[in-house]
Amino acid sequence: MLRQTDHPFRRTVVCVTVALSGLLAALLVAARPSLPWIATDRTDAVATAQVQAAPGPVMFPLFGRKSGRLYDYEPKGTGGVQPAVDMGDGWAEADALVQSNVSEGGKGNDLYHRIDGTLYYTAERGNDTKLVGAGWQIYDHLLSVGNMGGSVEPDLVAQHTDGTLWLYAGRSDGLFQPRMRIGAGGWGAMTALAGRGDYTGDGKADLLARHSDGTLYLYPGTGNFVEDGVLGARITVGGGWNTYKLIVSTGDNNGDGKTDLIAADTDGLLWLYKGTGNASVPLAARVQVGTGGWAAFDRLF
């Protein structure tokens with residue numbers, strides 16, 4: 001059982017967990033937060049960056065979980081992250097955590113989380129806490145990738161346990177349109193998915209995937225919202241990516257208008273790969289942006 005605190009979003013998660021015992025509808029209504037779930041001492045860097053960057057790449061915070069606690073790392077704006085803001089504990093039961101920007105016209109830092117196969121959506125501000133649906137345990141990885149499905153809202157990519165890949169086009173209420181298959185097979189070999197924007201410079205959202213052999217691939221978005229046609233032929237980014245425990249995109253981390261990649265290695269260091277906008281060489285040489293302790297995180301999102 002998750003431990004309740006005074007944090008409004010923490011109350012939401014507590015109520016959602018209890019709701020699984022049969023009181024779902026009533027508790028979801030009662031749990032709706034009236035305040036931001038993000039800590040009140042966050043900076044305004046993200047909101048400012050989102051306004052300035054539109055319609056190009058957006059700068060998002062980096063969230064992480066370790067020992068059941070969530071931490072918020074705001075972007076510096078020039079590369080790297082600011083010191084952590086402790087978001088509270090009680091998050092160990094969530095086996096999937098996805099940051100997305102659905103609410104407030106795309107400016108909210110919202111959260112999807114999965115507990116016991118059930119997926120929930122909570123907006124950063126307002127009273128929007130929703131049950132997305134049950135049965136989501138069929139997916140090994142969930143990722144918000146930006147707009148791949150042709151709608152304004154960000155979409156969700158889901159890697160099925162049978163090796164297929166699916167796209168859930170986003171809706172303005174935080175829920176999704178019916179899923180569409182975007183990968184017919186072979187995705188079970190991928191140990192990590194990342195990407196939250198355009199890496200090729202064509203204005204379309206792309207997907208990064210790490211193979212079990214350590215090779216990182218770029219799957220360019222085509223802009224075609226048709227079954228198995230959303231992603232183009234993959235491009236090899238490079239090998240040796242198994243040295244990283246976690247990889248994640250928070251959009252444009254350094255403010256140069258290109259989507260970047262962040263990686264935490266097994267030694268606990270944090271690295272920034274700046275996006276180039278060049279499909280043949282989508283990432284520049286890495287730059288260290290964290291000095292230690294990052295191996296303790298089991299999720300970065």
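Start by selecting R286 and W271: R286 lies over the face of W271, 3.6 Å from the ring centre. A charge counts as sitting over a ring if NZ of Lys or CZ of Arg is within 6 Å of the ring centre and within 35 degrees of the ring normal. Now try R179 and W166, where R179 lies over the ring face, again at 3.6 Å from the ring centre.

Before moving on, a word on what you are viewing. This is a predicted model, in which local features need pLDDT of at least 70 and side-chain atom pairs count only at pLDDT 80 or more, while totals for chains, interfaces and linings use all residues. Residues are numbered from 1 along each chain as its sequence is written, and side-chain values use heavy atoms, leaving out hydrogens and water.

**Aromatic pairs**

The whole structure holds 16 aromatic pairs, meaning Phe, Tyr or Trp rings (for Trp, the six-membered ring) with centres within 6.5 Å; planes under 30 degrees apart are stacked, over 60 edge-to-face, and the rest tilted. Select Y73 and W294: their ring centres are 4.7 Å apart and their planes at 45°, so this pair is tilted. Y73 belongs to strand 2 and W294 to the loop between strand 19 and strand 20, 221 residues apart. Strands here are DSSP runs of E with at least two residues, numbered from the N terminus. Y73 is buried at 9% relative accessible area, and W294 is buried at 6%; buried means under 20%, exposed over 50%, and partly exposed in between, with a 1.4 Å probe and protein chains only.

Next, pick Y112 and Y121, another tilted pair, with centres 5.1 Å apart and planes at 40°. Both are buried, and together with W136, Y139, Y168 and F176 they form one aromatic cluster.

Strands pair if DSSP finds at least two bridges between them; strand 8 and strand 9 (residues 155-160) have 6.

**Last stop: M148**

Which residues does M148 touch? Leaving aside residues up to four places away in sequence, its contacts (heavy atoms within 4.5 Å) include D155, V157, L167 and L207.

Key: Helices (H or I, at least four residues) and strands (E, at least two) are DSSP runs, numbered from the N terminus.
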